[in-house]
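Please look at the sequence and the structure before reading on.

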Amino acid sequence: MRPAHSGRFFAAAVEFFEPITFLPGQAVVNEGDTDCRQFYIVGSGAFDVYLKQVGPRTPVGALDVGDIFGEISLLHGLPRSATVKCRDKGVAWALDWKVLKFLMMGKSLRKTDLAVSVLEGANSS
């Protein structure tokens, strides 16, 4: 069962996603990467999933419009578990980890409040 607030969370998060266009064969994420700052939702096109143990030319899965990937690494601080490459020209909508953290903390959902929070965090580092 989904928490009652999850609908509000996702509705608010939508305005923070940024579209990124990928060309055929272009990697979105690479297996083993540890610099995991975004997760993605496929907006258009098709993307293939690859594992090193299977080989770089044999996809083990496919992602289509609406599919989400990259969230495990982002939420758990783990290296990317697979490589995802664009099969056809496509768009993936990306959400930055700072925005996700901000939203999950239940903070105000206005972009100006997010910007102030990020800048305050930069000044305290």
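## Serine 73 and its surroundings

A polar atom in the side chain of serine 73 lies 3.2 Å from the backbone oxygen of leucine 78. A polar atom of the serine 73 side chain also lies 3.5 Å from the backbone nitrogen of arginine 80. The rule for a polar contact is a pair of N or O atoms within 3.5 Å; within protein, one atom must be able to donate a hydrogen and the other to accept it, and residues adjacent in sequence count only if both atoms are side-chain atoms.

The model is a predicted one, in which local features need pLDDT of at least 70 and side-chain atom pairs count only at pLDDT 80 or more, while totals for chains, interfaces and linings use all residues. Residues are numbered from 1 along each chain as its sequence is written, and side-chain values use heavy atoms, with hydrogens and water left out.

Serine 73 belongs to helix H2 (residues 71-76). Helices (H or I, at least four residues) and strands (E, at least two) are DSSP runs, numbered from the N terminus. Is serine 73 buried or exposed? Serine 73 is buried, because its relative accessible area is 6%; buried means under 20%, exposed over 50%, and partly exposed in between, with a 1.4 Å probe and protein chains only. Leaving aside residues up to four places away in sequence, serine 73 touches Cys36, Leu78, Pro79, Arg80 and Ser81, where a contact means heavy atoms within 4.5 Å.

## The cysteines

Cysteine 36 is buried, with a relative accessible area of 13%. Cysteine 86 is also buried, at 3%. The disulfide count is 0, a disulfide being a pair of cysteine sulfur atoms within 2.5 Å.

## The open sheet

Which strands form the open sheet, and in what order? There are 4 strands, arranged as S1-S8-S3-S6 with antiparallel pairing; two strands pair if DSSP finds at least two bridges between them. Strand S1 (18-22) and strand S6 (68-69) are the edge strands, each pairing on one side only.

Strand S8 (residues 90-96) is joined to S1 by 5 bridges, and these strands run antiparallel. Glutamate 18 has alanine 94 in S8 as its bridge partner, and threonine 21 stands opposite valine 91 in S8. Strand S3 (residues 38-44) pairs with S8 over 6 bridges, again in the antiparallel sense; here isoleucine 41 stands opposite tryptophan 93 in S8. S8 is mostly covered, with 5 of its 7 residues buried.

## Leucine 63

Leucine 63 lies in strand S5 (residues 61-63). With a relative accessible area of 11%, leucine 63 is buried. Phenylalanine 47 is 16 residues from leucine 63 in sequence, yet their C-alpha atoms are 5.0 Å apart in space. Phe47 is one of the residues that leucine 63 touches, when residues up to four places away in sequence are not counted; among the others are Val42, Val49, Phe69 and Val84.

## The whole protein

The protein has 4 helices and 8 strands, which follow the pattern α-β-β-β-β-β-β-α-β-β-α-α along the sequence. Of its 125 residues, 32% are buried. Among contacts between residues at least 6 apart in sequence, 73% join residues at least 24 apart.

The protein exposes about 7900 Å², of which carbon and sulfur atoms supply 57%. Accessible areas come from the Shrake-Rupley method with a 1.4 Å probe; for residues, only the protein chains shown count as cover.
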